[in-house]
Structures are given as structure tokens and as C-alpha cells.
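Colleague: Could you take a close look at one chain for me and walk me through how it is put together?

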Amino acid sequence: MSDLAIVMAAAQIAAGIALLNGLFTTFGQARVAAQAIESMARQPEAGDDIRGTMFIGLAMSETSGIYGLLLAIILLFANPLVNQFIELMG
Amino acid sequence: MDLNITNYGVVEILGIEIWITETLVNTWLISGLLIIFAIIVRIALKNFKPVPGGFQNAVEAIVETFDNFSVGALGEKLNYISPWYFTVFLYILLSALGSIFGFRAPTADFSTTFALAFATFVLMIVMGFKHKKDNYLKSFFQPYVVFFPINIMGELAKPVSLSFRLFGNMLSGTILLSLYYSLSPLLLQIGIPAVLHGIFDIFFGVLQTYIFVIISLMYIKGAAD
């Protein structure tokens, strides 16, 4: 197989592996939401405070999932090694 | 399907080469909109009535809502920086809502989000020194002196995570929508993208602006209090 094909195939596989951290992100976010629902059921007066804090918790735990997505996007669409390779090959 | 930021031209000022990119032009458009709105408010509300009605009521409602929000996050003493964060809130909100109209959001470029997060970082350090004076530097050596590198890394991680969170969310929305538009036939591009725009641009856009501003305010409260 040509060298460029191997480099691009490796980039695609790496992008697939980078997205695996979405698995743990789902569990983390589900736990945040579940705790928020339970505490809202226990104390409905504090509902607005809990809702605001739940959104902050969801966004903070989503951050590492976004890092994985960003890495996959960079590998697929703006891969610096592939661009360098193409430049070297002329 | 081109995901690159188009470069409209290169301008040479005093020997420094400046690229006029799509991000820069879109930032000027959003700033122009905000400036025109501010001028309209200034001209239309030359005399403030004690009992507001109509337009003055609406503008006062918006400003008061944000003021209550920032007093809740910061406390009365530090509330004088809330106009900056109101501007940042409007800027990020308009840039997220602008991508409904086929407009590449300037926050989908890492330069913009890094600039905003760096502004928060500098503001955090300045407020720390101003309000805690010597205790701010001493707080890096708490609880033990060996914790200094860890505290420094914790402080450096704050602008990195702020900028990447906003950038990643906006860029993924932009890419998913441009993928949808380039891969679907013309018939499916009429009603269905409204749902996708509603999720990625409106819902995630508003959520991310709220998160950015409230996390910045929490960092500043932590550093200055």
C-alpha cells in the first residue's frame, strides 16, 4: 500500500479511538442529571437553584467529551501530518 | 464542503502583515450591530422617565436581569466588572445565533475564544492582586510550599478549558451542519435543518454562553474573595 494511504488509514483509526471517551462522558452526565432529579424531588422549593447548578455540572462534565470530538475533527479534516506528507511528496 | 476559514485579503500595516479573514469580518459585523443598537438606545432614551414605559422598560429589564445574575454570582463588592461580561455575553450569543443564517460564527475560530478566555485570565489575576493584595500570591503556596507547581497548573488550566469548551461546541455544530447540507438532496434541505439548527445553534449556543459567563464569574470570585 502506498505511504499516504497508510498515514490516512492510521488517522481514521485514531479518530475512531479518540471518540471512545464519549462512553464515560455519558455515564458521568447521566449521574449528574439523576442526582439533580432526585434532589429536586426531595426538595421542590430549591428547584430553580438545582436546575441552574445542574446545567453547570452538565457542561463541566461534557468538556472532556468535547476534547475527544475536537481531536477526532482535527485528525480527519485538518491533519497536519497528512498535509506535511502531501507537501513532501510534491 | 470547505471547512477552512476563507481569507479575503492581506493588508500590510507598518510592515506587519495582517490577514483579513472571515472571522475578522464577521466580528466587525457583530460589533457593528451592537454599536448601532447602543446608539439607538442612547438617542431614543435621552430623557429617562421615572416611570418607564415601552422601549425604556424593555431595555431596563434586560440590563437588570443581567445585573441580578452577576450580583448573584459575584457579590456586591466586585460587581463593577459586570458590564464587560454583559458585552461578552451578547457577543457570544449573537455569534451563535448568527450561524442560523449561514454565517460562520467567529467563536468557531480558536483565536476568538482564546482571546476571550485570556481576557478572563488576565482579569482574574488583576482582581486577585487588587482585592487580596499580598494574600493572593501567598495563596499559591497554600497549604504547603510544595503545592506551588500544582496550583500554577490549576490556574493555567482555567483559560485552556474555557476556550476549548466554547470552541469545541461551536465548531462541532458548524461542521455537523455543513456535513448535513453537503450530503443531503435539495428536497431534504427545506424543513428538516430547522431542527438541527434549533439544537446546535440555539440550544447549545445559549447554553455555552451562559456557561462561559458564569464560569468566568466564579473564577473571578474565587480569585478575589
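**A close look at chain A**

Modeller: Start with the contacts: in chain A, among those between residues at least 6 apart in sequence, 84% join residues at least 24 apart. Two residues are in contact here if their C-beta atoms, placed from the backbone, lie within 7 Å.

Bear in mind that this is a predicted model, where local features need pLDDT of at least 70 and side-chain atom pairs count only at pLDDT 80 or more, while totals for chains, interfaces and linings use all residues. Residues are numbered from 1 along each chain as its sequence is written, and chains are lettered from A and ligands numbered from 1 in the order in which they are written.

As for confidence, chain A has a mean pLDDT (the predictor's confidence in each residue, from 0 to 100) of 89, and 100% of its residues reach 70 or more.

The C-alpha trace of chain A spans about 65 × 20 × 10 Å along its principal axes.

Finally, there's the contact with chain B: ten residues come from chain A and twelve residues from chain B.
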